[in-house]
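Please open the structure in your viewer and keep the selection tool at hand.

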Amino acid sequence: MSAIPEFSHERVLTSMGARSGLVITVALHSSVLGPALGGCRMWTYPTWADAQADALRLSAAMTLKNAAAGLDAGGGKSVIALPLGIPIDSDLRHAALLDLGDMVESLGGLYRTAEDVGTTEHDMLVVRERTEHVVGLPAESGGAGEPAGATALGVYSAIAPTLEEAFGSDRIEDRSFVISGLGQVGGRLARMLAGHGATLFVTDIDERKRQLADELGARWIAPDAALTTPADVLVPAGLGGILTDAVIDRLPVRAVVGPANNPLAEHSGAERLAARGIVYAPDFVVNAGGVIHLQGIADGLQWPAIAERLTGIGDTLRGVLASARERGVTPLAAAEALAAERIDAAKGRMAVSA
């Protein structure tokens with residue numbers, strides 16, 4: 001596991017839930033561009049410190065994601081740590097979500113939570129019992145609903161510029177893709193790619209997802225083969241940290257683009273990929289569809305306007321890749337510079353008005 005990043009957060013709250021007894025971390029990385037936006041992850045960790053470190057990494061990535069996407073939103077994340085080997089029942093889950101709501105409320109609107117890995121739009125209804133600072137509620141309750149479709153559309157829009165950079169053509173037909181993770185986003189993306197003639201190698205830790213592979217005519221591979229199966233493009237669509245130095249050194253693809261947060265185990269992995277001639281589409285640019293959707297609904301936009309913003313992810317990535325070429329840096333460095341420019345401009349405006 002990579003080291004905890006240098007501390008740059010505005011506030012980090014780690015507490016044992018009064019009702020649940022579970023350790024919960026709410027990490028507010030930045031509110032320079034506006035109230036932070038980032039979901040709640042409910043996952044199993046070896047220790048509470050591992051969960052806290054995950055919240056720090058994820059919240060910092062949300063600052064980059066929201067800034068690069070042009071949103072007036074800062075970065076934050078919350079993590080509910082589940083102990084190893086202890087199943088969570090409905091009562092404990094409900095209690096933990098109420099505890100989360102209290103912690104979010106204590107930040108006075110500086111952070112808005114939403115669903116993420118391990119939580120659902122219906123879980124957000126429970127959180128709302130304790131705070132108004134929650135988005136991504138079910139559509140039938142007046143919320144944005146499940147954001148996975150928006151995330152998948154955004155990732156799909158990033159496929160074309162990635163292929164252009166790697167192969168000189170955005171043609172999907174007959175290109176081969178390894179999709180590691182067939183969850184809400186990965187599954188939708190697989191359908192999109194299959195519908196445009198792609199050759200798919202797919203996997204998931206849930207064997208039941210094999211049914212989708214059969215439906216799409218995709219080849220099912222074992223989870224541990226996802227990083228060693230030769231293909232044109234790797235699409236990481238599960239948890240992050242999979243691209244270690246050892247993996248990158250033998251990765252048999254020409255490009256990496258997908259919805260997984262923080263797929264690079266180390267920041268230096270971007271340089272390592274570039275040295276091997278592998279195009280890396282920065283995750284926080286590619287997977288911004290969910291937050292674009294959530295922010296759009298909060299801003300009162302209708303679907304056509306939101307869809308236009310989602311497909312604009314492809315244009316943003318195309319600009320990032322062009323900037324990387326022109327400046328002789330990695331796409332990750334170019335994307336980080338894009339986000340930093342927007343944040344620095346906002347800080348400048350704040351300084352002038354102070």
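Which residues does Asp232 touch, not counting residues up to four places away in sequence? Select Asp232 together with Phe167, Asp174, Arg175, Ser176, Val253, Arg254 and Ala255, which are the residues it touches; contact means heavy atoms within 4.5 Å. This is a predicted model, in which local features need pLDDT of at least 70, side-chain atom pairs count only at pLDDT 80 or more, and totals for chains, interfaces and linings use all residues. Residues are numbered from 1 along each chain as its sequence is written, and side-chain values use heavy atoms, with hydrogens and water left out.

Asp232 is placed in the loop between strand 9 (219-220) and strand 10 (233-236); strands are DSSP runs (E, at least two residues) and helices likewise (H or I, at least four), numbered from the N terminus. Asp232 is buried, at a relative accessible area of 16%; buried means under 20%, exposed over 50% and partly exposed in between, with a 1.4 Å probe and protein chains only.

Next, select Phe177, Ile179, Leu193, Leu200, Leu243 and Leu251. Within the largest nonpolar core, of 78 residues, these touch the most other members; such a core is a set of buried Ala, Val, Leu, Ile, Met, Phe, Trp, Tyr and Cys residues joined through side-chain atoms within 4.5 Å. Helix 4 (residues 148-167) gives the most to this core, namely eight residues. Another core, of 22 residues, lies apart from it and includes Ala96, Leu97, Leu98 and Val126.

Finally, select Ile179 again. Beyond its neighbours within four places in sequence, Ile179 has contacts that include Gly186, Ala190, Phe201 and Val235.
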